[in-house]
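Hello,

The structure we talked about is below, with the sequence. My notes on it follow.

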Amino acid sequence: MNPIHLSDGYKVDHRNQYPTGTELVYSNFTPRKSRIEGVDHVVFFGLQYFIKKYLLEEFEEQFFKKPKTEVVKKYQRRIENYLGKGAITYDHVEALHELGYLPLEIRALSEGTLTPFRVPMFTIQNTQPEFFWLTNFLETLLSCILWLPCTSATTAFHYRNLLDQYAEKTGGDTAFVPWQGHDFSFRGMAGLEAAELSGAAHLLSFTGTDTIPAIDFLETYYGANVDTELVGGSVPATEHSVMCMGTQSGEIDTFRRLINEIYPRGMVSIVSDTWDFWQVITEFMPELKEAILSREGKVVIRPDSGDPVLILCGDPAAPVGTPAYKGAVECLWETFGGTITATGYRLLDAHMGLIYGDSITLERCQTICQRLADKGFASTNVVFGIGSYTYQYVTRDTFGFAMKATYGVVNGEGRAIFKDPKTDDGTKRSAKGLIKVEGENGWVSGLSDEVSPEGATRGLLQTVFKDGKLLVEHRLADIRNRLQQQRKFLLQASN
């Protein structure tokens, strides 16, 4: 699709609505407010993809490389059948095509930076006066693409913090935590691009994923290389069709075949609630105990229905002493035993594990970890499948992302502009004028607005794109390392 079409309809003639003599429009992209309690920073991620995919690839292939007459004719047809014949003129599109590149400058934080609310992640402005209209023309596309990866990266960051803390508290293997959050979201996302963006964001904090395209995404747009680094991985796993095809009466034979014949070594995950989960836990597992303990690797049991907290940790309302009362972790401990961690918690034998991936949320994850700890079990007994129930049940308003103009030049005079609706609660109040993001060592401390043009070139924002060229490139390894350093900083600050 011609990228000049990728805009809200109300923007197509804003160029004529700006004051006569407008030469510069300067805007910023900012998370304004958290709708999630306890979240006070947002992880910045996805701009490099946007630049490579849309500002470079799409504009180059679908706009600049196409004949000007073809580009303008298609755009004119679209708009005249949308707004009416003669509603706008098209000389600005012709002029952009003749220029041959996007006359824009984007100054941004480093991707992977934890950004406080009401602090811009990047600014964008035109570099040639006649293309002042281009800055906010791109707002729709920028917002559409960027809010999701930032939101998912933030969510994954908080899952990782939670699991790190409980692993440390209960003495689990902290090196296992990157695998403890596993991306199950692909099938539930709002399209392939959403799955790739969100899946890649998940991999900033974890290594476990079933979203294979997210790995391709990170190799294509973020310099990752699976031959030299661990980008994302998983293990062989069954689905219900596999278990059903083995028949209910032959279910234990299906388990035995998978464990002994198909996967005699390494990890294998087996969905276990196709019929009677508690029968699998209390009858099949004891019968297969010797085969499991003699394997080189771990058998992972996967419940997939019911209340995750009750299934894993036990249901106090169930009859005392029943499997449902005890929960899956305790039942497997009774069969397989394990070790006691350095902090005194029980950790299942290394040949046995659990993964739960149905309707997991941050709140449920914390409840499960805490209830396991209350029962004397390490948090790393369980892997969490984090699906679209987490990554898709969000919107742009979850963190209040918005792109707003705060400065312009009209007839050679700079204007510091802002919005501050009296009918709003303060969320929509914008910064004013040119902006500088304060901080040191990559840590954002705050925002200064109404700074001088020279001041706006200082601080943590650096030019990453200018006049059709990507000037700074972030690699996955750098982003992961940046996040880890900030995670440690937060942990030290909280202690």
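**Overall fold and the sheet**

Residues 24 or more positions apart make up 76% of the contacts in the chain with a separation of 6 or more, a contact being heavy atoms within 4.5 Å. This is a predicted model, in which local features need pLDDT of at least 70 and side-chain atom pairs count only at pLDDT 80 or more, while totals for chains, interfaces and linings use all residues. Residues are numbered from 1 along each chain as its sequence is written, and side-chain values use heavy atoms, with hydrogens and water left out.

The C-alpha trace spans about 80 × 50 × 45 Å along its principal axes. The chain has 18 helices and 19 strands; these are DSSP runs numbered from the N terminus, helices being H or I of at least four residues and strands E of at least two. Of the 495 residues, 53% count as buried, that is, under 20% relative accessible area with a 1.4 Å probe, protein chains only. The accessible surface comes to about 21600 Å², and 48% of that belongs to carbon and sulfur atoms; the areas are from the Shrake-Rupley method with a 1.4 Å probe.

Now the sheet. Seven strands form an open sheet in the order β15-β14-β1-β5-β3-β18-β19, with antiparallel pairing. The edges are β15 (413-416) and β19 (469-470), each with a single partner strand, so one side of each is left without a neighbour in the sheet. Two strands are taken to pair if DSSP finds at least two bridges between them.

Strand β1 (residues 22-31) is mostly covered, with nine of its 10 residues buried. β1 pairs with β14 in the antiparallel sense over nine bridges, and Val25 has Gly408 of β14 as its bridge partner. With β5 (residues 122-126), β1 pairs over four bridges, again antiparallel. Here Ser27 is bridged to Ile124 and Phe29 to Phe122.

Helix α1 (residues 47-64) lies across β3 (104-108), β5, β18 (462-466) and β19, and runs at about 20° to β18. Axes are lines fitted to C-alpha atoms, for helices over the stretch in contact, and the angles run from 0 to 180 degrees between N-to-C directions.

Regards

Note on methods. Buried means under 20% relative accessible area, exposed over 50%, partly exposed in between (1.4 Å probe, protein chains only).
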